Amino acid sequence: MLDQILPVTDPVLIFALLMFTALLAPRLAERAKLPGIIGLIIAGIIIGPYGAGLLERANEVELLSTIGLLYLMFLAGLELDLDQFIRHRHHSLVFGLLTFSIPLAAGTLMGHYLLDFRWSAAVLLSTMFSSHTLITYPLASRMGLARQRAVTTTIGGTLITDTIALLFLAVIAAMHQGGASIGFWGRMSGSMFIYAAAVIVFLPRLARWFFRHIASDGIIAYTGVISAVFICAHLAHVAGLEPIIGAFLAGLTINRFIPENSTLMNRIQFIGHSLFIPIFLISVGMLVNVRLFLTGGEAAIIAGSMVAAGIITKWLAASASRKILSYTRDEGMLIYGLSVNQAAATLAAVMVGYEIEIFPANVVTGTVVMILFTSLAGSWLTDRYSRKVALQEEGRSYSPSDAPQRILVSLANRETAEELINLAKLIRPSNSHEPLYPLSVVESGSRAEERIAGAEKLLANAVVKSMSSDIPVVPITRAAIDVPSGVLQAMTDLRISTAIFGWKGRVSSHSQTFGHKLDIVIEKSRQMILISKCSESINTVQRIVLAVPPLIERQPGFERCARTVKTLTQQLGASLVTVAAPSTMEKVLPVIKKLPPNIMGQNVRLDQWEDLLPWLGKNVSSENDLVVLLNVRKGRLAWRPRNSKLPRLLTNQQPDINLVVVYPPEISEENVAAPESETTSDAGELLPVRNIEVGLESTSIPEAIARLLQNAFPGQPEVVDKLTEYLTHLCETEPAELAPGIVLLHAHIAEVQHPTAFLGVNTGGWEISQTTEASKALFLLLSPEDASPEVHLKAMAELIQPLRDAELVEQVIQAESAEEVLGLGWNSE
């Protein structure tokens, strides 16, 4: 009976089994105190053709597995710290050559003398030990070590050793088939050179054009990036290289266009780690035939020899690299854990060798057993030592200046709001748990309520935009006698450490720097201030030009400014050019170099500071460069009258210049404490169970809204009808799409006494204009008419906070009762 059902051939059920396995296996492994990756590989053995036989490694699985492998290599290139990679390129070269040559020599001798292979077969066998696949890279990445030197060195070494190993594969295969002629060498060299030049030279230009002119929303941006990755992977195959090299190069070249904290990076990582990479790891387990290994004989000898050679030679290479590069023992073991894993290039070599009859079938079995044992060892080692290295990095990098940053973003209009929020994300430390504080201040007076309503809409948009980046947001509104007073009071109340403002590049008087309001805020504040005037999207910047005035090094907050600029440079993947007079450069350069993060940079020494303006006019492009000008408040040691005029002079000289002016902080960061949180209500009061309706598949939007409101306003049909009409109009004109398939409608009304939320679920989805797909979850948020925008927006943030978890969103949509929904993310207990 089971023989007729198994293996599963229905594509839908195949995918369902893979996803269920990807969900269950890591959790069972964690209960057994094993890394989740080991759970996925073992699960692949169990459900695969040599286990329970639930699935064959058929076309569907091979397709998803190939996508997962290429996605893994793409992420390795995308998350690589380019500055760290360039800085440690010699480290990568040392490790790459050692991790290739040691296994090559040992494996060749073992294959010829122990296994009695011909020399060509022995050399091809040894290349399988030399190459490795970054199967356990996600473990290190999740520990925040993607940019750590040991990880960067391993990734760079992987590129070197895999490329050489795959070249050996191509050459040996051609020699065995009698094709290693002069023409073969010429074609291979030419195609590789053309391919590498095309990817390295043309892909960045294409990416810059795409992000500036085509990528209008997240879906288009993601689709474009993934298309480029797989096109590059295919073209690598056409050029005689393995597709994994093409995927890695694509990630490397697109790297600086996708900042670490960006929404796009969040989406790329989420889809890879939740879908494609787990399926790849399951498929690796499906290759393992444990029974053949257990039967003994020649297969066991070959498999045992290959496992021993793979594990021992990689340990020798990692240990030698650690000693040569002066890494710590834990860093050396982390390198070993990352590089001991065999999969992609190893499989490519053994399959080619088997097909052209260099290898017997036992070598294929031995290879799969080696993949299993090295993957298990690599997973355990990477999990263990990435934790140790992460703890070391945390201890090493801490200093009082690394105290949590609370960043306020002053928003005045919708056109610049997204770019200012984006700048805040880029300078926000990746390990920070502090929220962003978007602020809108309106002047009190006769039209204050109207202006507050406009400010509320602006901040609501900022909340929705920031949610997609997994960054918490606490929106703030203020009504004050004048805007500067409101901003300064908010900065004091919230104990803000950094404030960001937008500037149009114009001033009404030559005696002003940015304008009356901004000048007052700068003069009366003590926090670090960033004034941004960007004509182009900051994500496409290639170079940051840091202009450092004389005596700035004596300003107490100079190091904080320099560190922020270096963080921005690293996040953008840009290069840093420091411009200063010779005497200033001698003093500031050692300080800038010692500050984290470690990035490569150039230095330009002006004859005198007054030459800055002409130099910028000749050397700065509005398309590719961002000028960061350090300045100080009036009356400080480094202040000069001309420095106050520089922003205006720069914009007059180059109206389209991308400019950020930074004022150092004048308060101690050690004394900055977290603001006391103000809560609206607990979650159960905000979204009570009676306000949740599931099973609304047969309703229209007006009918769904009416059903939701009837629960809160029983016996008041007039109120329900009035609110239904208003909210339906709001749905047609201003729906807030929190995520694909989730819409929020929010308003102030007189009929409620405190913020109240509603949720309607329709698994079939409602078609709502201005949304990317059918909406399956409809949230309503109603606040009292006299409630402050701050209270309303805090309730909004509280309501949508759980929706950042994509798995929870799907569980909400599939929930069968209101009680089940509340238990998922809005439980008041």
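These are my notebook entries on what I looked up in this predicted model.

**Entry 1: overall counts**

I started with the whole chain. It has 829 residues, and 56% of them count as buried. I find 32 helices and 15 strands in it. Then I checked contacts between residues at least 6 apart in sequence: 80% of them join residues at least 24 apart.

**Entry 2: nonpolar cores**

Which residues touch the most other members of the largest nonpolar core? I get Leu 125, Phe 211, Ile 258, Ile 268 and Phe 359, out of 118 residues in that core. Helix H13, residues 263–286, gives the largest share of this core, namely twelve residues. There is also a second, separate core of 73 residues, and its members include Met 528, Ile 538, Met 585 and Ala 815. As background, nonpolar side chains tend to be buried together in soluble globular proteins.

I took Leu 125 for a closer look. Leaving out residues up to four places away in sequence, Leu 125 touches Met 110, Gly 111, Leu 115, Phe 117, Met 306, Phe 359 and Val 363. So much for the cores; rings next.

**Entry 3: aromatic pairs**

My count of aromatic pairs is nine. I looked at Tyr 71 and Phe 74 to begin with. Their ring centres are 6.2 Å apart and the planes stand at 85 degrees, over the 60 needed, so I log the pair as edge-to-face. Both residues belong to helix H4 (residues 59–78), and they are three residues apart, about one turn of the helix.

Beyond its neighbours up to four places away in sequence, Tyr 71 touches Tyr 222, Ile 226, Ile 268, Ile 271, Gly 272 and Phe 276. For Tyr 71 and Ile 268 I checked the C-alpha atoms too: they are separated by 9.2 Å, with the two residues 197 apart along the chain.

Next up was the pair Phe 514 and Tyr 663. The centres of these rings lie 6.3 Å apart and the planes are at 75 degrees, so this pair is edge-to-face.

The charged end of Arg 384 sits over the ring of Tyr 385, at 5.6 Å from the ring centre.

**Entry 4: two buried polar residues**

I picked Ser 644, which lies in helix H26 (residues 641–653). Its relative accessible area is 18%, and the limit for buried is under 20%, so Ser 644 counts as buried. What does the side chain of Ser 644 join up with through a polar contact? The side chain of Trp 639, at 2.8 Å. Not counting residues up to four places away in sequence, Ser 644 touches Thr 513, Asn 631 and Trp 639.

Asn 539 came next, in the loop between E5 and strand E6 (543–547). At 17% relative accessibility, Asn 539 is buried too. Its side chain makes a polar contact of 3.2 Å with the side chain of Asn 422. Among the residues that Asn 539 touches, I noted Arg 256, Phe 257, Pro 259, Leu 426 and Leu 572 besides Asn 422.

**Entry 5: helix H21**

Last, I went through helix H21 (residues 483–493). Its buried residues are Pro 484, Gly 486, Val 487, Leu 488, Ala 490 and Met 491. What do they pack against? I get strand E1 (407–410), strand E2 (436–443), strand E3 (476–480), E4, H22 and strand E5 (528–533). After H21 comes Arg 495, and its phi is positive, near 55 degrees.

Note on methods
Residues numbered from 1 in each chain as written. Predicted model: local features only at pLDDT ≥ 70, side-chain atom pairs only at ≥ 80, totals over all residues. Heavy atoms only, no water. Core = buried A, V, L, I, M, F, W, Y, C linked by side-chain atoms within 4.5 Å. Buried < 20%, exposed > 50% of the residue type's maximum accessible area, 1.4 Å probe, protein only. Helix = DSSP H or I, 4+ residues; strand = E, 2+ residues; numbered from the N terminus. Contact = heavy atoms within 4.5 Å. Phe/Tyr/Trp six-rings, centres within 6.5 Å; stacked < 30°, edge-to-face > 60°. Lys NZ or Arg CZ within 6 Å of the ring centre and 35° of its normal. Polar contact = N/O pair within 3.5 Å; in protein donor to acceptor, adjacent residues only side chain to side chain.
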